[in-house]
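I opened the notebook today to record how the parts of this chain pack against one another. I wanted to take the helices, then the sheet, then a single residue.

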Amino acid sequence: MALPPIFDRLRLPVIGSPLFIVSGPELVIAQCKVGVVGSFPALNARPQSLLDEWLHRITEELAAWDRANPDRPSAPYAVNQIVHKSNDRLEADIATCAKWKVPITITSLGAREELNQAVHGWGGITLHDVIDDRFARKAIEKGADGLIPVAAGAGGHAGVQSPFALVQEIREWFDGPVALSGAIGHGRSILAAQACGADLAYMGSAFIATAEANADPGYKNGIVEGRAADIVYSNLFTGVHGNYLRGSIVAAGMDPDNLPEGDLKTMNFGSGGNTKVKAWKDIWGSGQGISPVRSVRPVAEFVAELEEQYLAARRELEAKVRL
C-alpha cells in the first residue's frame, strides 16, 4: 500500500519523534523545512494555552517557507498526544489541534476510537505507538491509520522485541503506514527499516544533539559521547519501561545497575513519576543508536548527512544484489 499523500513532500523517509521537553517549535520547524516530519508532545507546551501559540507559529512559518521555496516545500508536522488517564489536558489539547487542523497526530499509551474520529474529522491522520502485535491490532481496530512499532533499543518508553520480529508480525496482516522506531541514528539504518518492511524510520535520540533542540548542553553532550552500552532500561522513573542515559542516572545519585522497580499506578508524565528526580528533565532518555552522533550541529547539517548515508547505503545494497 502506498503512503498517504501527506508524506509526498518528504526528502527522506523519516519522522523526527516527539521528545518530551526537548521538542519545541524551533526543532519542529527546522525538521520540516529540511524535508522530514517534525513532531512534539502537546504536553511540552505549558501552560496549555501555549499550545495554540506554538501551532500558530509552526503553521505560519512553514507556510512562509513554502511560498519562498516552491521547489522545496516543507514536510508535514505532527503532535503527540498521551492518551493515558494521567493526562488531564487531553481534551483541551485535541480541541486546540482541531483548530489548527494538525496534519498528523501520534498517539501513545492508549488507543481511543473517538480521538481517531476527531482527527479524521479535520482531515488529519493518526499513527499509534505500539510495542507488540497485540497492541497493534487494537490500535487499528480503533481507527488508527498507521503504526509506530517501538522496538528494542528505542529511546524513552520502548519495547523489547526485535524490529525484525515486530515488523514481520505486523506486516502479516497490516499493509498501511508503518514507521519503525528503535536505535536508528544513521542513514544506513533508515534503509534497513524499509528493508525489513517499514515505510518510514522514526528517529528521536540523534535529534537531541542538534542546535535547535531544547536540551541541556550536558544532555546533548551525553548523546554525542554515548554508545549503546551507556543506555539503561528501567521502569522506575515513569512506571513504564524506557531507555535512559546511564550518566544522568549516576548524576542523580543512583546506581544504574541496581534500580528498583517502578509502579505504573504512580505514573505522572507531568511531574516525573516514581522518584524525587524528574524523568526527562533530570533522567535523560536515549535510544541505543547514538554512536553515529559525533557532534552537536544544526538540523539541516545532520539531515544532509543522513541523506548522503542513506543514498550511499542504497547504492551499496543495489551493487550487492547485482552480484
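**Entry 1: two helices side by side**

I looked up helix 2 and helix 3 and found that they are roughly parallel to each other, a label given to angles under 35 degrees, whereas angles over 145 count as roughly antiparallel, 65 to 115 as roughly perpendicular and the rest as oblique. Helix 2 covers residues 50–68 and helix 3 covers residues 90–100, and they pack at an angle of about 25 degrees with their axes 10 Å apart. I noted that the axes are lines fitted to C-alpha atoms, for helices over the stretch in contact, and that angles run from 0 to 180 degrees between N-to-C directions. Helices (H or I, at least four residues) and strands (E, at least two) are DSSP runs, numbered from the N terminus.

The crossing of helix 2 with helix 3 is right-handed, which is the word used if the near helix is turned clockwise from the far one by less than a right angle, left-handed being anticlockwise. On the side of helix 2 the contact (heavy atoms within 4.5 Å) is made by Leu51, Asp52, Leu55, His56 and Thr59, and on the side of helix 3 by Asp93, Thr96, Cys97, Lys99 and Trp100. I sorted these residues into 4 nonpolar, 3 polar and 3 charged, where Ala, Val, Leu, Ile, Met, Phe, Trp, Tyr, Cys and Pro count as nonpolar, Asp, Glu, Lys and Arg as charged, and the others, Gly among them, as polar.

I wrote down that this is a predicted model, in which local features need pLDDT of at least 70 and side-chain atom pairs count only at pLDDT 80 or more, while totals for chains, interfaces and linings use all residues. Residues are numbered from 1 along each chain as its sequence is written, and side-chain values use heavy atoms, with hydrogens and water left out.

I then turned to helix 7 (residues 187–195) and helix 11 (residues 299–322), which pack at an angle of about 55 degrees with their axes 7 Å apart. That angle makes helix 7 oblique to helix 11. Their crossing is right-handed, and among the residues that meet are Ile190 and Leu191 of helix 7 and Tyr310 and Ala313 of helix 11.

I traced an open sheet of 5 strands in the order 2-3-4-5-6, with parallel pairing; two strands pair if DSSP finds at least two bridges between them. Its edges are strand 2 (38–41) and strand 6 (146–149), each pairing on one side only.

Strand 4 (residues 104–108) pairs with strand 3 (residues 77–82) in the parallel sense over 5 bridges, and Gln81 has Thr107 as its bridge partner. Strand 4 also pairs with strand 5 (residues 125–130) over 4 bridges, where the partner of Thr107 is His128.

**Entry 2: helix 1 and one of its residues**

Helix 1 (residues 25–33) lies across strand 2 and strand 3, running at about 160 degrees to strand 2. Leaving out residues up to four places away in sequence, Gln31 touches Gly16, Val36, Val37, Gly38, Ser39, Phe207 and Val299.
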